Amino acid sequence: MKLLRSAAIAATLSASVLAGCQGMGMGEVMHQGYVVDQETLALAPVGSSREQVLLSLGSPSSTATFDNEVFYYISQKRTRPMAFMKPKIVEQSVLAVYFKKDGNVERLAHYTLQDGKVFDMIARVTPTGGAETTFLGQLLRGGANPGAMMKNMLGGNN
């Protein structure tokens, strides 16, 4: 009888703990970045100046200045089932504002997760092209000269 009562108490306690876990906000949704609405976007049409874009849309999340300047306004929606788990990006939106050399908007583009790679907003790292090779990989491809490297390390540059 005592064993049956202990089993019933354990089952009741387990059920109440599991029920408590379900009510504690399982599943967290996090929004990060800049969400662009159509009314605000209409304030910075093609042909507007860089200053007008900054006044209407605010500071960009990121910029690029390779050929012409580009402003990126990035927003992400991430979810995680439990607070201790790593969040997963489920939605991403990137508004790219391309400028001509004279500083006026050339075109606007809207990208999503389906259009390309995911921006890592936490580490602030964007994957680059090319391949990173290790020392062993360079040796196997013939790209490293071990004799010259040892000579350089030991200071024998004569």
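Helices (H or I, at least four residues) and strands (E, at least two) are taken here as DSSP runs, numbered from the N terminus. By that definition, the protein has 5 helices and 5 strands. Along the sequence, they follow the pattern α-β-α-α-β-β-β-β-α-α. This is a predicted model: local features need pLDDT of at least 70, side-chain atom pairs count only at pLDDT 80 or more, and totals for chains, interfaces and linings use all residues. Residues are numbered from 1 along each chain as its sequence is written, and side-chain values use heavy atoms, with hydrogens and water left out.

Start with the overall numbers. A residue is buried at under 20% relative accessible area, exposed at over 50%, and partly exposed in between (1.4 Å probe, protein chains only). Of the 158 residues in the protein, 19% are buried. The protein exposes about 11,900 Å², and carbon and sulfur atoms supply 59% of that area. These areas come from the Shrake-Rupley method with a 1.4 Å probe; for residues, only the protein chains shown count as cover. Contact means heavy atoms within 4.5 Å. Among contacts between residues at least 6 apart in sequence, 46% join residues at least 24 apart.

Now look at helix 3, residues 50-57. Its buried residues are Val 53, Ser 56 and Leu 57. They lie on the same side of helix 3, because they cover an arc of only 80 degrees around the axis. The arc is that of the directions from the helix axis to the C-beta atoms. The buried residues of helix 3 pack against helix 2 (38-41), strand 3, strand 4 (88-99) and strand 5 (105-112). Gly 58 follows helix 3, with a positive phi near 90 degrees.

A nonpolar core is a set of buried Ala, Val, Leu, Ile, Met, Phe, Trp, Tyr and Cys residues joined through side-chain atoms within 4.5 Å. The largest one has 10 residues: Leu 41, Ala 44, Val 53, Leu 57, Phe 71, Tyr 73, Leu 95, Val 97, Phe 99 and Val 105. Strand 4 gives the most, with 3 residues. A second, separate core has 8 residues, among them Ala 64, Val 70, Ala 96 and Tyr 98. In soluble globular proteins, nonpolar side chains tend to be buried together.

Phe 71 belongs to the largest core. Leaving aside neighbours within four places in sequence, Phe 71 is in contact with residues including Val 53, Leu 95, Val 97 and Phe 99. Arg 50, Pro 60 and Ala 96 are also among its contacts.

Val 105 is another member of the largest core, and it sits in strand 5. Val 105 counts as buried because its relative accessibility is 0%. Beyond four places in sequence, its contacts include Pro 45, Val 53, Val 97 and Phe 99. Ser 48 is also one of them. Val 105 and Ser 48 are 57 residues apart in sequence, yet 5.5 Å apart in space, C-alpha to C-alpha.

Next, follow the pairing of strand 4 with strand 5. Two strands pair if DSSP finds at least two bridges between them. Strand 4 and strand 5 run antiparallel, joined by 7 bridges.

Finally, turn to the charged pairs. A salt bridge is a side-chain nitrogen of Lys or Arg within 4 Å of a carboxyl oxygen of Asp or Glu. By this rule there are 2 salt bridges.

One joins the side chains of Arg 80 and Glu 28 (2.9 Å, N to O). Arg 80 lies in strand 3 and Glu 28 in strand 1 (residues 28-33), so the pair ties together parts that are 52 residues apart in sequence. Arg 80 counts as buried, at 18% relative accessibility. Glu 28, at 30%, counts as partly exposed. Not counting residues up to four places away in sequence, Arg 80 also touches Gly 27, Met 30, Met 85, Lys 86 and Pro 87.

The side chains of Glu 69 and Arg 50 also meet in a salt bridge (2.6 Å, N to O). Glu 69 lies in the loop between strand 2 (62-64) and strand 3, and Arg 50 in helix 3, so this pair ties together parts that are 19 residues apart in sequence. Glu 69 is partly exposed at 22% relative accessibility. Arg 50 is partly exposed too, with a relative accessible area of 24%.
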